[in-house]
Amino acid sequence: MPRRPIIAGNWKMNKTVAEAKELVNEFIPLVNGVGDVDIVLCPPATALQFVTSAVKDTNIDVGSQNVHWEDSGAFTGEIAPPMLKELGVKYAIIGHSERREYFGETDEGVNKRARAALKADIIPIICVGESLETREKGDYLGFVAGQVKAALNGFSNEEIGKLVIAYEPIWAIGTGKTATFEQAEEVCAHIRKIVADIADKSAADAIRIQYGGSVKPATIAGLMEKENVDGALVGGAALKANDFSQIVKFKG
Ligand code: PGA
């Protein structure tokens, strides 16, 4: 079964609503007619309402950059799954390395957030990836496998098949240093093998695995040629309509 490519733009803490308007209005016509790839914009929470309404009736979907595990309650600063669902948000980035590094996000929290998202019919984009130190020590495959197993703990095979996992080596994020196509493929293939081990072959065949870390228009085609790379999670280059549209149109 061929997997449908998914290219997501993670705006991180960038773009006011006014700036989001400019970016989205420029971007929509640039990708008009692209029908064979899922296109996802992940603006900051303050722009979710604007972006979801702006892309309604287009080929673009919207994702949040985080989601809490409870439906409501005393969790200052967090956003609940039903709040996102109400806006028409379809995806949620969970466990980005910046959340793990600066905001204490744990593997256990990632698992809880992903479970809550799925319950609300929001597709988790679960981020994993090793630091430069872990890579240089050598056991980066084991490290990433541990993150994947913890994130998927307790999920059914069917649930796992619906997920997106983004492999983002921390040393490649925002550094301009993309992993080589072979490095990306090695870890994405390993993630698929881990999924086959903890679930089954059909879940491993269905799950979509993105590469993320300094993806640019010049590198996307080579990445997408790799058998186990099904898409990209794009930071910096997603802040420019023209660059991001070129990435989305990687087939040329
Ligand atoms: P980058 O960010 O493309 O700017 O490296 C990717 C990400 O952190 O999702």
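Of the 13 residues around the ligand, which come nearest? The views below are of a predicted model, in which local features need pLDDT of at least 70, side-chain atom pairs count only at pLDDT 80 or more, and totals for chains, interfaces and linings use all residues. Residues are numbered from 1 along each chain as its sequence is written, and side-chain values use heavy atoms, with hydrogens and water left out.

**View 1. Residues around the ligand.** Lys 12, His 96, Glu 168, Gly 174 and Ser 214 come nearest among the 13 residues around the ligand (near: a heavy atom within 4 Å). The shell divides into 4 nonpolar, 7 polar and 2 charged residues (Asp, Glu, Lys and Arg count as charged; Gly is among the polar ones).

View 2. A ligand oxygen atom is 2.7 Å from a side-chain N or O atom of Lys 12. For Glu 168, a side-chain N or O atom is likewise 2.7 Å from an oxygen atom of the ligand. The ligand taken alone exposes 280 Å², of which the protein buries 95% (Shrake-Rupley method, 1.4 Å probe).

**View 3. Charges over rings.** Lys 112 lies over the face of Trp 69, 4.1 Å from the ring centre. Arg 135 lies over the face of Tyr 140, at 3.7 Å from the ring centre (NZ of Lys or CZ of Arg within 6 Å of the centre and within 35 degrees of the ring normal).

Notes: Polar contact = N/O pair within 3.5 Å; in protein donor to acceptor, adjacent residues only side chain to side chain.
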